Amino acid sequence: MPEETAAYTANGEPKYPFTGRIVEAYYTNNELSEIDIIHNYDVPDDGVHTDSQGNPNGGKEGTTIFSVSVNEEDERFLALLQEFSYESIDECTKNRNEGYREQFREAFQDYARRNKIEIVEEVIIKKEVEIEDGPLDLIFEFDSDNEVHKDILFRLKLKMFEQEVVQKSKKKKAKTDIRKSETLGQALKAYCEFL
């Protein structure tokens, strides 16, 4: 005779409604202390249960949620772990959160389009795309009146000052040269002093 486990009785019957029917399980809070288990179940064929459109759905399979706390002394949580690993819960949580982030991005972009709001991140990308020959134009044909060129020079200088070799250096003149550089070529030449 089989042994009883956290998920099944000794005769093989599931102990909890989610046992053997889990669709996904994911953390519901930042502390990772609560989990929702999405699982299938058989809808009772009693003439009372209906689907979202009000049609009777008794005898069909439905989906519902069972919530548990993360507690390795709780039989329900142990039953979940018997069928769904910590890694699987992490993966489902990551995928679910990314799905929500993507929905939010799409909704925000749609709102911005409808209300003619400029999205800064896209503006930067569009401006970078406008540079026809890429980095070569920036080095050999740098235009100090071009806002895109000036922005890229500014970001390059910031990136240079973030480098450990620059931060730990005592070369004040070379740091000043980076700060005062007016072209990418000048900034790169000043940065070479640290290499």
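Which residues of α2 are buried? The points below take this up, along with the chain as a whole.

1. The model is a predicted one. Its chain holds three strands and eight helices, and in sequence order these run β-β-β-α-α-α-α-α-α-α-α.

2. Helix α2 covers residues 86-114, 29 residues in total. From its first C-alpha to its last it reaches 42 Å, close to the 42 Å expected at 1.5 Å a residue. Just after α2, K116 has a positive phi of about 50°.

3. The buried residues of α2 are I89, C92, T93 and A112.

4. C92 counts as buried because its relative accessible area is 14%, under the 20% cut-off. C192 has a relative accessible area of 47% and is therefore partly exposed, as this value lies between the 20% and 50% limits. A search of the whole structure for disulfides finds zero.

5. For the chain of 195 residues, the buried share is 27%. The chain exposes about 13,800 Å², and 50% of that area is supplied by carbon and sulfur atoms.

6. On contacts within the chain, take those between residues at least 6 apart in sequence: 43% of them join residues at least 24 apart.

Terms used: Residues numbered from 1 in each chain as written. Predicted model: local features only at pLDDT ≥ 70, side-chain atom pairs only at ≥ 80, totals over all residues. Heavy atoms only, no water. Helix = DSSP H or I, 4+ residues; strand = E, 2+ residues; numbered from the N terminus. Expected span 1.5 Å × (residues − 1). Buried < 20%, exposed > 50% of the residue type's maximum accessible area, 1.4 Å probe, protein only. Contact = heavy atoms within 4.5 Å. Areas by Shrake-Rupley, 256 points an atom, 1.4 Å probe, with all protein chains shown as cover. Disulfide = S-S within 2.5 Å.
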